[in-house]
Amino acid sequence: LLDYFSLALVNHPLHIYLIIFFFLMIRRPPRSTLSSSSAASDVYKRQNHFPMMAELARKTNLGRNLRRMAKLFPKAFSFFPKTFVLPSDHEALMANKSQNPKQIYICKPECGSQGRGIYLTSTLKEVKENKEARCVVQHYMSKPLLIDNYKFDLRVYILITSVDPLSCFMFKEGLARFCTEEYQKPNPRNMDSSFMHLTNYAINKNNQCFEAAHDT
């Protein structure tokens, strides 16, 4: 989801919507999230996380918030695939599977990182067996944009110096991450190939054909 968010900044004229999205999600943290000491005015105080950042950084929360924004701005927020947040959307997901029996899904744990726990499925067997699992399930994009037949993602870095008033700076250079196996549409033989479907560096560095970029 975060990669879709980054790609949107590059490929769509949605900057204002995305900034509004970010601003609405974190500008008004509940008082319970701030201790009495941090709530006090202190011009010398610095912190490395804005309150309520989990609304964007946690996959389940990001999925919910993207869907909320899609209701407000349907055209602007059409860049991400159909998303289900479990366990609350379990019945809706099962209904979607019944309507689309050949659909491939990608499942991502709520708080995972570095590609851990992400898998493709055509049966939703794991989800059916654990109805209380906290994760995000999405329609897998079977026709992604490719470079030399490899999947990739783009990372765009933004420095946020203030939330209220909003002040942020976009770094002119970004990062591209590539899979290390040429892409093929998902089928029973390649659905378990993380090197083909996931762009995470932590995964692809373990492939024998991985080539490190020493000049970055």
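Let's start with salt bridges. A search of the whole structure finds 3. A salt bridge here is a side-chain nitrogen of Lys or Arg within 4 Å of a carboxyl oxygen of Asp or Glu. Before the pairs, a word on the source. This is a predicted model, where local features need pLDDT of at least 70 and side-chain atom pairs count only at pLDDT 80 or more, while totals for chains, interfaces and linings use all residues. Residues are numbered from 1 along each chain as its sequence is written, and side-chain values use heavy atoms, with hydrogens and water left out.

First pair on my list: Arg67 and Asp89. Their side chains meet at 2.7 Å, N to O. Arg67 sits in helix H5 (residues 59-72) and Asp89 in the loop between strand E1 (83-86) and helix H6 (90-99), so the bridge ties together parts that are 22 residues apart in sequence. Helices (H or I, at least four residues) and strands (E, at least two) are DSSP runs, numbered from the N terminus. Now, accessibility. Buried means under 20% relative accessible area, exposed over 50%, and partly exposed in between, with a 1.4 Å probe and protein chains only. Arg67 is partly exposed at 27%. Asp89 is buried at 14%.

Next, Arg134 and Glu110. The closest N and O atoms are 3.2 Å apart. Arg134 lies in the loop between helix H7 (125-129) and strand E4 (135-139), and Glu110 in the loop between strand E2 (105-109) and strand E3 (119-121), so this pair ties together parts 24 residues apart in sequence. Arg134 is partly exposed, at 46%. Glu110 is buried, at 12%.

Then Arg177 and Asp153. This bridge spans 2.6 Å, N to O. Arg177 is in strand E9 and Asp153 in strand E6, so the pair ties together parts that are 24 residues apart in sequence. Are these two buried or exposed? Arg177 is buried, and so is Asp153.

Leaving out residues up to four places away in sequence, Ala176 touches Asp153 and Leu154. Contact means heavy atoms within 4.5 Å. Ala176 is partly exposed, at 40%.

On to the surface. Which residues form a nonpolar patch? Tyr157, Phe171 and Leu175 do, with about 310 Å² of accessible area together. Patches are made of residues with over 30% relative accessible area and no salt bridge; like charges are joined within 9 Å, nonpolar side chains (Val, Leu, Ile, Met, Phe, Trp, Tyr) within 5 Å. Areas come from the Shrake-Rupley method with a 1.4 Å probe; for residues, only the protein chains shown count as cover. Tyr157 is in the loop between strand E6 (150-155) and strand E7 (158-162).

Cysteines next. The whole structure has 0 disulfides, a disulfide being a pair of cysteine sulfur atoms within 2.5 Å. For Cys107, the nearest cysteine sulfur is that of Cys135, 5.8 Å away. Cys107 is buried, at 2%. Cys111 is exposed, at 54%.

Finally, the whole protein. There are 9 helices and 9 strands. Of the 216 residues, 37% count as buried. How confident is the predictor, and where is pLDDT under 50? pLDDT is the predictor's confidence in each residue, from 0 to 100. The average is 81, and 77% of the residues score at least 70. Residues 1-14 stay under 50. Residues 31-37 stay under 50 as well.
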